[in-house]
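Please look over the sequence and the structure shown below, and then read on.

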Amino acid sequence: MQNKKPNGRRQTREWIMQFLFQLDFNPEPIDIALADFWEEREPSAKEKTYAEEIIKGVVQRKDELDARLSEYANRWNSDRMGAVDRTVMRVALFEMLHREDVPPVVSINEAVHFAKDFSSFQSGRFVNGVLDRIRKDIDRPARTTYKPRGNE
């Protein structure tokens, strides 16, 4: 089986996961870390903008995201989760809560994909279960982008 390089948003999400995973283990000022990170990659302007919006949002809201993940993971503290699982769920949850341009099911599917690819098959099931429980409690359509009333 040929291993194709991902492209588009999937590639961008992979970069996001790599960066956030790395930042968890090697904390440094985000602007310096991002400058170093982009030196080895060739994102388009659109990919870089999207990635940095997600990265900075996840970093800024890390405590809020971790608290919600812990709550919905049956009191399984986010510190006890596998690093890959925690990272993919933070990104998906951030998108579900703060990115109106990404349907929640897309965020969940991408998180499950990365959990299976970079962690384990069981991680995919765990990630799906936690994120789907959260999705059911979020007041927005699951399969479409979200346009709140009054913002049309």
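What pattern does the chain follow when it is read along the sequence? The chain follows the pattern α-α-α-α-α-α-α, and in this predicted model there are 7 helices and 0 strands. Of the 152 residues in the chain, 44% are buried, and the chain exposes about 9,100 Å², of which carbon and sulfur atoms supply 46%. Among the contacts in the chain with a separation of 6 or more, 72% are accounted for by residues 24 or more positions apart.

Spanning residues 121–136, helix 7 has 16 residues and reaches 23 Å from its first C-alpha to its last, which is close to the 22 Å expected at 1.5 Å a residue.

| Residues of helix 7 | State |
|---|---|
| Ser 123, Gly 124, Val 127, Val 130, Leu 131, Ile 134 | buried |
| Phe 121, Gln 122, Arg 125, Lys 136 | exposed |

An α-helix has 3.6 residues a turn, so residues three or four places apart point the same way. The exposed residues Phe 121, Gln 122, Arg 125 and Lys 136 are on the other side of helix 7, whereas the buried residues pack against helix 4 (62–72), helix 5 (83–98) and helix 6 (104–118).

Methods: Residues are numbered from 1 along each chain as its sequence is written. This is a predicted model: local features need pLDDT of at least 70, side-chain atom pairs count only at pLDDT 80 or more; totals for chains, interfaces and linings use all residues. Side-chain values use heavy atoms; hydrogens and water are left out. Helices (H or I, at least four residues) and strands (E, at least two) are DSSP runs, numbered from the N terminus. The expected span of a helix is 1.5 Å times one less than its number of residues. Buried means under 20% relative accessible area, exposed over 50%, partly exposed in between (1.4 Å probe, protein chains only). Contact means heavy atoms within 4.5 Å. Accessible areas come from the Shrake-Rupley method with a 1.4 Å probe; for residues, only the protein chains shown count as cover.
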